[in-house]
Amino acid sequence: MTRTLNEIVGRGRTSTVYALDDDTVMKTYPEGTDPGVITAEAEAAELAYRLGVPGVRCLGPAERDGRQGIVFERLDGQSLTAIAEHDLRRFPQVCRVLAGHHVLMHSRIAPTLPDVRDRAVALLETPPLAGLTEAERAALREQLPALPEGDRLLHLDFHPQNIFSHHGGYAIIDWASACRGDAAADVAMSVLLMTEAQLWPGTPPLKRVLYLASRSAMRTRYLHSYCAQTGMTRREIARWMTCARVLRLGILDVAGERAGLLAGIRQGIEE
Ligand SMILES: Nc1ncnc2c1ncn2[C@@H]1O[C@H](COP(=O)(O)OP(=O)(O)O)[C@@H](O)[C@H]1O
Ligand SMILES: [Mg+2]
């Protein structure tokens, strides 16, 4: 395998992904990233693949050109977002794929991953949640562990830019925030991502309007399809929204989302 990083094939909010050769890429992280975070993502990606969730093979953590990262099999297709954008007639299919793959993922159990409720409670002590008062944090320390227990494989960043067409099927990527728990936690997170997450910085105004409208239509279809396939109720999803906001703020902390997420978390604190 080549030792050098070649062209950039993609970027996330935190990562840059380079081609190594025709078949492999390396996802790299900003300097100073805790190596434990990188190892945990690689292990979660390997676990999901072993459990038969459609994805790309993970070849493990690696170092190239002095950069730390993870080597993955290279995707050969486009994201669900790009597929819908290039051919609007495929929009209904994209929504079905999104829901269907989430249902499939949630049929897998992942007892070795961290419990989503513990993850959220731990995030309360991190700088992005420092905007809450100690009393608010104390209330959440009681409230979050009382959410339903579960043992399902959860992705927690499951949105149409993390699912790609690949080898005639689809692949779910980006397992950095994977946990175990109640499937409704992951659905709540996807709803939040398709409602309150900021669009990519620098999106031109006209595209913003179109994206927001299509994202809202996608969320409606996704939810309808997911609930129809599983029997999950809107109420089961709604009870996880506060936890989802804590996770989003604690894991990514996008400056433009902070005030709205904190307000939502405050509203969700039970008397
Ligand atoms: N295995 C891969 N093959 C080709 N491109 C990839 C692969 N994994 C990620 N990418 C590209 O890099 C982008 C960011 O990767 P992702 O894992 O989603 O990172 P982030 O956690 O920063 O969102 C993706 O949107 C995609 O364009
Ligand atoms: Mg991503």
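Which side chains meet in a salt bridge at 3.0 Å, N to O?

**Before you start.** This is a predicted model, in which local features need pLDDT of at least 70 and side-chain atom pairs count only at pLDDT 80 or more, while totals for chains, interfaces and linings use all residues. Residues are numbered from 1 along each chain as its sequence is written, and side-chain values use heavy atoms, with hydrogens and water left out.

**Stop 1: the two domains.** Select 8-73 and colour it: this is domain 1. Now select 80-268, which is domain 2. The bounds come from an automatic or database domain assignment. The C-alpha centres of the two domains lie 21 Å apart.

**Stop 2: where they touch.** Together the domains bury about 1,600 Å², with 68% of it on carbon and sulfur atoms. Buried area is the accessible area (1.4 Å probe) that two parts lose on being put together, summed over both. Next, pick R13, L51 and P54. These supply 38% of the area that domain 1 buries against domain 2, more than any other three residues.

**Stop 3: the salt bridge.** Select D174 and K27. Their side chains are the answer to the opening question. A salt bridge here is a side-chain nitrogen of Lys or Arg within 4 Å of a carboxyl oxygen of Asp or Glu. Between domain 1 and domain 2 the count is one. Helices (H or I, at least four residues) and strands (E, at least two) are DSSP runs, numbered from the N terminus.

**Stop 4: two rings.** Find helix α7 (residues 205-230) and select Y222 and Y226. Being four residues apart, they are separated by about one helical turn. By the ring rule (Phe, Tyr and Trp, its six-membered ring; centres within 6.5 Å), the count is one aromatic pair. What is the angle between the ring planes of Y222 and Y226? The planes are at 45 degrees and the centres 6.3 Å apart, so the pair is tilted. Planes under 30 degrees apart count as stacked, over 60 as edge-to-face and the rest as tilted.

Terms used
Chains lettered and ligands numbered in written order.
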